[in-house]
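Reader: I am new to this structure. Please take me closely through a single part of it.

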Amino acid sequence: MQRLLPLLIVIGLTPWGAASGQESRAGFAFYSDVCYNSQGGDLLGTRIGIMKLRDATYLFYQDAEGKFGQPQIIMLAPGAVTGSKLFFQIADSSGPSTFVGTISDMAIKGRLTNGGIGPKGTGVYNLKRERLPERAFPECR
Amino acid sequence: MADPYQTYQDLIWGRWNPLDDPNGDSAMPGDDSAKDQGAAGLNPSALPPADASTLDPQTQPGPNFQDQSAAPFDPSSIPPVTVGILGPLPPDSNSPQSQTQPPFGPSQLPPTNVGILGRINLPGIAARDQGAASNAANSPAAAGQYYLPGVGVTYLDPSFADKLGKLILAAQADNIPLRFRYAYRDQAEQDQLKHDLTAITPADKSLHSTGNAVDVHISAMTPAMLSKLVSDAAAAGISWGGNFSTPDRPHFYVDPGGNRSQQIDAFSRAVRALKDQIPDY
């Protein structure tokens, strides 16, 4: 412990340590399950950003079925983030879809209530928390 | 004075947890009911519908914005999408051949020719000038210019387009809301897709670059719809990327075999020749 203590002090004094206090107040979280399918040459998946601003909570939504589609910015309805639950509505050429699921500091998981299968065709969304800027999309598995 | 770098870090590297709130209220400001609903069941019906003006992302320039705290949705306000089978474009009016032919009209459409869907009030393109494009490129590859719903003007291998037309008609008969996301991508765009955004796999030679693949908008489809679409595709002679070892479910394609790199080069030359012949819309 005596050896560990100086290390902890150093970490606390570094920019990372100083930033961590600020990070907790940042108000932005980004989630993604976008990957690249090299067999088809396509980007697949969804990415969601949640911005808690002063007036409201906004959600950035964009999916990829080959390439990224049009992004959407949604002002969340009151109660859209309640506890760990999340729901919001996505505009789509075939009509609005409602996403329901859960959100944590690690992931967003959910589905579309209209039975839509999503851009990966699996019927479920499982987006991991990601750091920005995005550096690379992983190969789809 | 705030350190801008630190502010940037806050924004970009933030570790904010939506569930962490110093006030213990993870919902929107002013939502006093949120705390009480923490363990309550989710009620999607409470969500006000989106503004109908944002319903078609394909037609919206720039990011869409929805204020889901207001604006009732009226489904009747969605522009109707009507389908029609279109054939080849009228010949180039500047070419000697076209001057000997009557004006182009729907009655000229070959009944068994390419069946590509168009939308009312949009340019009825669905066109091809296969021979000219092929000859101009001095290559056996052929390229055609087509209109696909959800994509707009794109370029396809005419033999693939023929099959795609059959798939579109079959989907229409099965009441499958078929829209496309992407079709032709030239090699530069394909490379950019990988090089800028991925750094794991080497650049590949996609069938999108030979005009032999499309990506279907499957997100809103049900599993039953997709299953039916896949069987319709098989009947039309089109393969499905969902059968890849790593599934690519929006991807529908025909693999002509042979040397992919040569095919991409030949098809890109044919597309360039076609673009020289047909003005932009």
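In which sense do β8(B) and strand β9 of chain B pair, and over how many bridges?

Author: First, the ground rules. This is a predicted model, where local features need pLDDT of at least 70, side-chain atom pairs count only at pLDDT 80 or more, and totals for chains, interfaces and linings use all residues. Residues are numbered from 1 along each chain as its sequence is written, chains are lettered from A and ligands numbered from 1 in the order in which they are written, and side-chain values use heavy atoms, with hydrogens and water left out.

Now the pair. β8(B) and β9(B), residues 251-253, pair in the antiparallel sense over two bridges. Two strands count as paired if DSSP finds at least two bridges between them. Strands (E, at least two residues) and helices (H or I, at least four) are DSSP runs, numbered from the N terminus. Trp240(B) has Phe252(B) in β9(B) as its bridge partner.

The pair belongs to an open sheet of four strands in chain B, in the order β6-β7-β9-β8, with antiparallel pairing. β6 (180-182) and β8 (239-240) of chain B each have a single partner strand, so one side of each lacks a neighbour in the sheet.

Two helices lie across these strands. Helix α5 of chain B, residues 223-236, lies across β7, β8 and β9 of chain B. It runs at about 10° to β9(B). Axes are lines fitted to C-alpha atoms, for helices over the stretch in contact, and angles run from 0 to 180 degrees between N-to-C directions. Contact means heavy atoms within 4.5 Å.
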